[in-house]
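Okay everyone, let's get going.

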Amino acid sequence: MNNAMDTVLFYVLALIVIIAACGIVYCKNLVHSALFMTLCFISIAGLYVLLNADFLAAVQLMVYAGTVVILIALGIMMTRRISMDRSNMAERKYTGWVKCISVVLFICLSYIFINFPVPLAKVNTVQDTVAALAQLLLGHYVLAFEIAAVLLLAAMIGAVVLAKGADDK
């Protein structure tokens with residue numbers, strides 16, 4: 001694919017991600033928010049494909065667009081709450097402050113990105129990203145990988161204990 005087409009696809013996917021993220025936040029219906037989340041995750045997977053990160057794109061589709069969205073849909077069905085009208089009542093009084101802070105942050109970041117351009121670095125593209133990722137995780141970053149595995153195991157045990165109930169024996 002040529003460079004101009006990649007650029008156009010990047011901006012289209014980025015626009016879809018932004019619109020879907022706004023849909024997640026501002027939509028009153030939780031099911032519609034979950035559908036916007038699916039669209040956002042699929043668009044992010046498309047961005048990964050454009051960046052030649054095919055393994056991350058596959059994981060993004062399987063884990064986030066598949067599993068996480070299904071879990072959220074199941075949670076919505078189990079709680080039987082369709083509308084968000086009664087949720088987050090306490091946080092609505094801060095909406096004006098959040099908008100002001102967001103506008104100030106956007107102006108500051110725009111100033112930084114316009115006046116201080118990021119130098120382009122030469123990036124080596126890897127054809128077999130799965131093998132390269134496995135080599136990094138099981139070689140150079142093995143300690144961080146093992147620590148993350150232990151933390152995930154502790155979180156899973158904690159989730160099972162919380163789901164089962166502390167008083168149940």
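**Helices and what covers them**

Contact here means heavy atoms within 4.5 Å, and buried means under 20% relative accessible area, with exposed being over 50% and partly exposed in between, using a 1.4 Å probe and protein chains only. Helices are DSSP runs of H or I with at least four residues, strands are runs of E with at least two, and both are numbered from the N terminus.

Before I go on, a word on what we're looking at. This is a predicted model, where local features need pLDDT of at least 70 and side-chain atom pairs count only at pLDDT 80 or more, while totals for chains, interfaces and linings use all residues. Residues are numbered from 1 along each chain as its sequence is written, and side-chain values use heavy atoms, with hydrogens and water left out.

So what's the overall picture? The protein has 6 helices and 0 strands, and from the N terminus on, the elements read α-α-α-α-α-α. Of its 169 residues, 15% count as buried. Take the contacts between residues at least 6 apart in sequence: 56% of them join residues at least 24 apart.

Back to H2. Its buried residues include Leu-30, Met-37, Thr-38, Phe-41 and Leu-47. How far apart are the end C-alpha atoms of H2? They are 30 Å apart, which agrees with the 30 Å that its 21 residues should span at 1.5 Å a residue. The expected span, by the way, is 1.5 Å times one less than the number of residues.

The buried residues of H1 are Leu-13, Val-17, Ala-20 and Gly-23. Look at those numbers with this in mind: an α-helix has 3.6 residues a turn, so residues three or four places apart point the same way. And H2 is part of what covers the buried residues of H1.

Thr-38 is in helix H2, and Thr-38 is buried because its relative accessible area is 18%. Leaving out residues up to four places away in sequence, Thr-38 touches Ala-65 and Val-69. Over in helix H3 we find Gln-60. Is Gln-60 buried or exposed? With a relative accessible area of 6%, Gln-60 is buried.

**Rings**

Next, aromatic pairs. Rings of Phe, Tyr and Trp (its six-membered ring) pair if their centres lie within 6.5 Å; planes under 30 degrees apart are stacked, over 60 are edge-to-face, and the rest are tilted. By this rule there are 2 aromatic pairs. One is Phe-10 with Tyr-11, edge-to-face, at 5.6 Å centre to centre and 75 degrees between the planes. Phe-10 counts as partly exposed because its relative accessibility is 38%, while Tyr-11 is exposed at 56%.

Then there's Phe-41 with Tyr-64: the ring centres are 5.4 Å apart and the planes are at 55 degrees, so this pair is tilted. Phe-41 lies in helix H2 (residues 30-50) and Tyr-64 in helix H3 (residues 54-79), so the pair ties together parts that are 23 residues apart in sequence. Phe-41 is buried, at 15% relative accessible area, and Tyr-64 is partly exposed, at 38%.

**A pocket**

Last stop. A pocket, on a 1 Å grid over the protein atoms alone, is an open set of points where a 1.4 Å probe fits, with protein on both sides within 12 Å along at least five of seven lines; lining residues have an atom within 4 Å of a point. Which residues line the second largest pocket? They are Asn-3, Asp-6, Thr-7, Phe-10, Tyr-11, Leu-50, Leu-51 and Asn-52. So our ring pair Phe-10 and Tyr-11 turns up again in this lining. Helix H1 (residues 3-26) gives the most to the lining, with 5 residues.
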